[in-house]
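Please load the model in a viewer and keep the selection panel open.

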Amino acid sequence: MPNTYHIVLLPGDGIGPEVVRETRITLEALAPLYDLTFDFTNYPIGGNAIDETGSPLPDDTLAACQQADAILLGAVGGPKWADPTKSVQPEQGLLKLRKALGLYANLRPVRIFPQLTAASPLRPEILQGVDLLVVRELTGGLYFGPRQEGGEEAYDTLIYTRPEVERVVRVAARAARQRRGKLTSVDKANVLASSRLWRQTVTRLMAEAFPDVTLEHVLVDAMTMHLIRRPADFDVIVSGNMFGDIITDEAAMLAGSMGMLPSASLGDGARGLYEPIHGSAPDIAGQGVANPLATILSAAMMLRHSLGEEDAARAIESAVARALDAGYRTPDLAGVAEPDQTVEVVGTEAMGEIVRSYLAGESG
Ligand code: IPM
Ligand code: MG
């Protein structure tokens, strides 16, 4: 009897619906090959949810997510809802969802597909051997502390508690153990009290529970520099919410395009939220040119982390690699072929089709 997995799809705004659609079709194509059954249901989140219901995270959406095995999200936000004087913003839907589901660990792997080295603004020799994983704390810090705005003064508050730091560092340290055994903790301990607590907590936990993992502490400003000067030196990087948001956009550029980076947001159970790290790209929405690969690769992470379907996850990842090997590129990656490579620029749907053709191996 095949397992039926209940997947909530949250297409969201901008290019979200286009990339989520390609990913759903890809999962449907994969299902019979691995004896899986998916039950997909769609719910609104973000700007379209505000339009429909007034709320960026309607109760029905949250309730469905709480029942699902996993959630796949496209992107939220766009100029239509970007008025800073409005108190309801699309992004609040995503933040509330992460918080309500207790998804405190955000895994953002940065892998360089060798076929795309030319797409990165960095020199190929710097990118050689880059394979890192950023674990970003996702439900605390500056994003969730008390805040005030409206008058002549506004503030946000950066709070971390020891248990909050410990649980995310455990996730990062366990990942390091499965990888190259190195953990880099990023903070601003020369200035911030919360960072000093962060650093002490990391040092103590690692000495007690992970003495076999090599630990280093790096200040966030220095980290932004090291990430582009010697990215191959890093294995697992762990950081608070705001710093992790910033350094993962920077790290995405190592891979050549925001359109390539998947992510997984996890808590204590198996349920997770999977989303590309890119935004809703309103400038290209509806044109059929968005790169669906970050979302398709997020589905691979979903198969791995929430559903325990490692073989199926790998099938997706290798199909993506083969599509790139064959020279297919969405416009974000076009015009950057390696010298001996011919590229064919394709749209969102065609890229999805090509990936699917490699799932079963019939094209190769
Ligand atoms: C991300 C995004 C979100 C964040 C926004 C859309 C709220 O930038 O997932 O990195 O800041 O966490
Ligand atoms: Mg971000």
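**The largest pocket**

The largest pocket holds about 890 Å³ of space. A pocket here is an open set of points on a 1 Å grid over the protein atoms alone, with protein on both sides within 12 Å along at least five of seven lines; lining residues have an atom within 4 Å of a point. Grid points are joined across faces, edges and corners, and a volume is the space filled by probe spheres set on the points.

This is a predicted model, in which local features need pLDDT of at least 70 and side-chain atom pairs count only at pLDDT 80 or more, whereas totals for chains, interfaces and linings use all residues. Residues are numbered from 1 along each chain as its sequence is written, chains are lettered from A and ligands numbered from 1 in the order in which they are written, and side-chain values use heavy atoms, with hydrogens and water left out.

Select L107, P109, M301, R304 and H305, which lie nearest the centre of the largest pocket among its 31 lining residues. Next, colour β4 (105-111), β5 (131-137), α6 (162-178), α10 (293-305) and α11 (310-325), the elements that each give two or more residues to this lining. Helices (H or I, at least four residues) and strands (E, at least two) are DSSP runs, numbered from the N terminus. The greatest contribution to the lining, 6 residues, comes from α6. By class, the lining has 15 nonpolar, 5 polar and 11 charged residues. Ala, Val, Leu, Ile, Met, Phe, Trp, Tyr, Cys and Pro count as nonpolar, Asp, Glu, Lys and Arg as charged, and the others, Gly among them, as polar.

**The cavity**

There is 1 cavity of 30 Å³ or more, a cavity being a set of points where a 1.4 Å probe fits but cannot get out. The largest cavity contains about 110 Å³ of space. Select L158, Y160, S195, G240 and F243, the nearest to its centre of 13 lining residues. Both α7 (193-209) and α9 (241-252) give two or more residues to this lining. The lining comprises 8 nonpolar, 5 polar and no charged residues.

**Helices α8 and α9**

Now display α8 (residues 220-229) with α9: their axes lie 10 Å apart, at an angle of about 15 degrees. Axes are lines fitted to C-alpha atoms, for helices over the stretch in contact, and angles run from 0 to 180 degrees between N-to-C directions. The helices α8 and α9 are therefore roughly parallel (angles under 35 degrees). Show V220, T224, L227 and I228 of α8 against F243, I247, E250 and A251 of α9, which make the contact (heavy atoms within 4.5 Å).

Conventions:
Angles under 35 degrees count as roughly parallel, over 145 as roughly antiparallel, 65 to 115 as roughly perpendicular and the rest as oblique.
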